[in-house]
Amino acid sequence: MSSKLFLLATVALAVLLAHAPTHSVSVTCNPMELSPCLNAILYGSAPSGACCGKLREQKPCLCQYAKNPSYRGFVGSNNARKVSGTCGVPMPRC
């Protein structure tokens, strides 16, 4: 009887976990993910759809990039602000 109860409890737990809501999506912060935005940020060209998609995806990482001395100049540049405005991704206040 106890093995049936164990099996039932295991199945019930699996069903609950399968239908549990996810509260956050993990994003891997990698500035290279923003490479589709390179021309737009460096030269002021219009951002591509791929650029805007990556910018939205990397939005949780933008403060981390802004605080990094290697990327600060790019993230805070006028062209980066233009790209974020065009893509509809507000620049975070860090």
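Modeller: Before we start, axes here are lines fitted to C-alpha atoms, for helices over the stretch in contact, and angles run from 0 to 180 degrees between N-to-C directions. This is a predicted model, where local features need pLDDT of at least 70, side-chain atom pairs count only at pLDDT 80 or more, and totals for chains, interfaces and linings use all residues. Residues are numbered from 1 along each chain as its sequence is written, and side-chain values use heavy atoms, leaving out hydrogens and water.

Biologist: OK, why are H3 and H6 called roughly perpendicular?

Modeller: Their axes cross at roughly 95° and come within 10 Å. Angles of 65 to 115 degrees count as roughly perpendicular (under 35 is roughly parallel, over 145 roughly antiparallel, the rest oblique), so H3 and H6 get that label.

Biologist: Which residues make the contact?

Modeller: Cys 51, Cys 52, Leu 55 and Arg 56 from H3, with Val 83, Ser 84 and Cys 87 from H6. Contact means heavy atoms within 4.5 Å.

Biologist: And how do you know that the buried residues of H3 line one face of the helix?

Modeller: The buried ones in H3 (residues 49-57) are Cys 51, Cys 52 and Leu 55. Down the axis of H3 they fall within an arc of 95°, so they line one face. Their cover includes helix H4 (62-67) and helix H6 (78-87).

Biologist: What makes Ser 35 partly exposed?

Modeller: Its relative accessible area is 43%. Buried is under 20%, exposed is over 50%, and partly exposed is in between (1.4 Å probe, protein chains only), so Ser 35 counts as partly exposed.

Notes. Helix = DSSP H or I, 4+ residues; strand = E, 2+ residues; numbered from the N terminus. Arc of directions from axis to C-beta.
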